[in-house]
Amino acid sequence: MSEEKKQKDKFSYEAKNAWLEMGEEERKEVFSFNKEYADFLTANKTEREFVKAAVKKLEAAGFKNIEQFEELKKGDKVYALNRSRALMAAVIGEKELTEGLKIVGSHIDSPRLDLKPNPLYEEGEIALFKTHYYGGVKKYQWVTMPLALHGIVVKDDGTEVEINIGEKDSEPIFFISDLLPHLGKSQMKKSMKEGITGEKLNLVVGSIPVSDQDAKAKIKTAILEHLNKEYGIKEEDFMSADLQAVPAFKTRDAGFDRGLLAGYGHDDRVCSFTALEAILDLGQPKSTSMVLLMDREEVGSMGSTGMQSHFFEDQVANLVDLYYADYSELLVRRVMQNSKVISADVNAAYDPDFADVYAKHNSAYLGKGIVISKYTGARGKAGASEARAEFMAEIRGLFNNKGVIWQTAELGKIDEGGGGTIAKFLANYSMDVVDSGPPVLSMHSPYEVVSKVDVYNSYLAYNVFLEN
């Protein structure tokens, strides 16, 4: 390389391919880390499952439920639950709480199909479950694939019955039918949005009737008898159930070189898992470090377990109450306004087959590390917060100094669409917030793809942020 070119390169910016920035030993660490992530993602496909598994990991690492503490001091490790669907974990740092927290916030819900409150019916010699799609989905992607049923059923006496059917080879799967092409002339003239409608996303769940000649809906009756025999539930119990149909796929390596990982729920469990691992591997942080794993982001973060609930505020108040002898609302507000946040959420990976919707020079690319997004939103930056220049510089400098491979990106071309994260809700507390997570290919589909090296750099990024 000529001296002139070296001089020019000193002043130019180009995102690096992360694979080329690491040696053989670090590559082995990347693959080992992603093996653990793949197994976790395969085993935990709902919010409840994720929280339950996360608590197990936290307790094994010495974290205790915040309800067990009468006071907090440097080095204490705490967690708090919100209705088994959201979670906070924190390590008390060296600095005073009022100097602010370091927070990595992500969400653990993903697009899926929820069973309706009265789902079971029979028609055309088939028993089916009616569903209501959750989050932003392309409905046609959910037909003619193996689906599993996950969740809980709560009886009127409060008894909970866990359901997980369709993941093991020995178990049946569920299925949504599509029209055969021989009869699909009219359907094929419709738009992709209209070809499969929400009311057609019905799960095939049975076909063998009971022999009772007096039964009106013989196949439905047979399914109800099976459910009562196997799980002790009756039809009315569906009204108080959280049951989700999710892809019955394992998370698997993709590509000849195994550099990619295909699985259901990367958005946003890839950030949630890496954030969880980051705080589990944390030493003694300077500031009190917190990880938020929230629910309901895919539908606007509303509800008692979403980011718009008071769960976060309540847990900050809990920390203040246990840390300081004299609690006050002013202390709580000081803690929050001095805090700094990474909103850990994914960005859209550049797809060469759909290049026309991406801003080529401001897109995220697989294999180039974690993405730092100054803002999200849509059109004129609507519906999102925007990180100020000072905080962007701080994050960039931290990642550079600690060897984290990163890139910067927007979510597609202006006016092509857009998206948001939980960043705006945390920014409402006057915190510094920036979005940062790995890029995802085929986001919101039943089978998304990430680069293993981006996953690993996300873990590194969250760890160094929480620690420093």
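Biologist: Which strands does α3 lie across, and at about what angle to β3 does α3 run?

Modeller: α3 lies across β2 (77-82), β3 and β13, running at about 20° to β3. Helices (H or I, at least four residues) and strands (E, at least two) are DSSP runs numbered from the N terminus. Axes are lines fitted to C-alpha atoms, for helices over the stretch in contact (heavy atoms within 4.5 Å), and angles run from 0 to 180 degrees between N-to-C directions. This is a predicted model, where local features need pLDDT of at least 70 and side-chain atom pairs pLDDT 80 or more, while totals for chains, interfaces and linings use all residues. Residues are numbered from 1 along each chain as its sequence is written, and side-chain values use heavy atoms, leaving out hydrogens and water.

Biologist: And which strands does helix α7 touch?

Modeller: Helix α7 (residues 266-280) packs on the sheet against β3, β4 (102-107), β13 and β20 (432-437), its direction making about 150° with that of β4.

Biologist: How do I read the order of strands in that open sheet of nine?

Modeller: Strands of a sheet pair through backbone hydrogen bonds, either parallel or antiparallel. Here the order is β1-β2-β3-β13-β4-β14-β20-β16-β18, with mixed pairing; two strands pair if DSSP finds at least two bridges between them. β1 (64-65) and β18 (406-408) each have a single partner strand, so one side of each is left without a neighbour in the sheet. Further in, β3 (residues 86-91) and β13 (residues 289-294) pair in the antiparallel sense over five bridges, and Leu87 stands opposite Leu293 in β13.

Biologist: How do α2 and α3 pack?

Modeller: Two packed helices are described by the angle between their axes and the distance between the axes. For α2 and α3 the angle is about 135° and the axes are 9 Å apart. The two helices are therefore oblique to each other (under 35 degrees is roughly parallel, over 145 roughly antiparallel, 65 to 115 roughly perpendicular, the rest oblique). Glu36, Phe40 and Ala43 in α2 meet Glu49, Phe50, Ala53, Ala54 and Lys57 in α3.

Biologist: Is Thr46, in the loop between these helices, buried or exposed?

Modeller: Thr46 is buried, because its relative accessible area is 4%; buried means under 20%, exposed over 50%, partly exposed in between, with a 1.4 Å probe and protein chains only. The loop joins α2 (24-43) and α3 (47-60). Not counting residues up to four places away in sequence, Thr46 touches His150, Gln244 and Arg269. A polar atom of the Thr46 side chain also lies 3.2 Å from the backbone nitrogen of Glu49.

Technical notes:
Polar contact = N/O pair within 3.5 Å; in protein donor to acceptor, adjacent residues only side chain to side chain.
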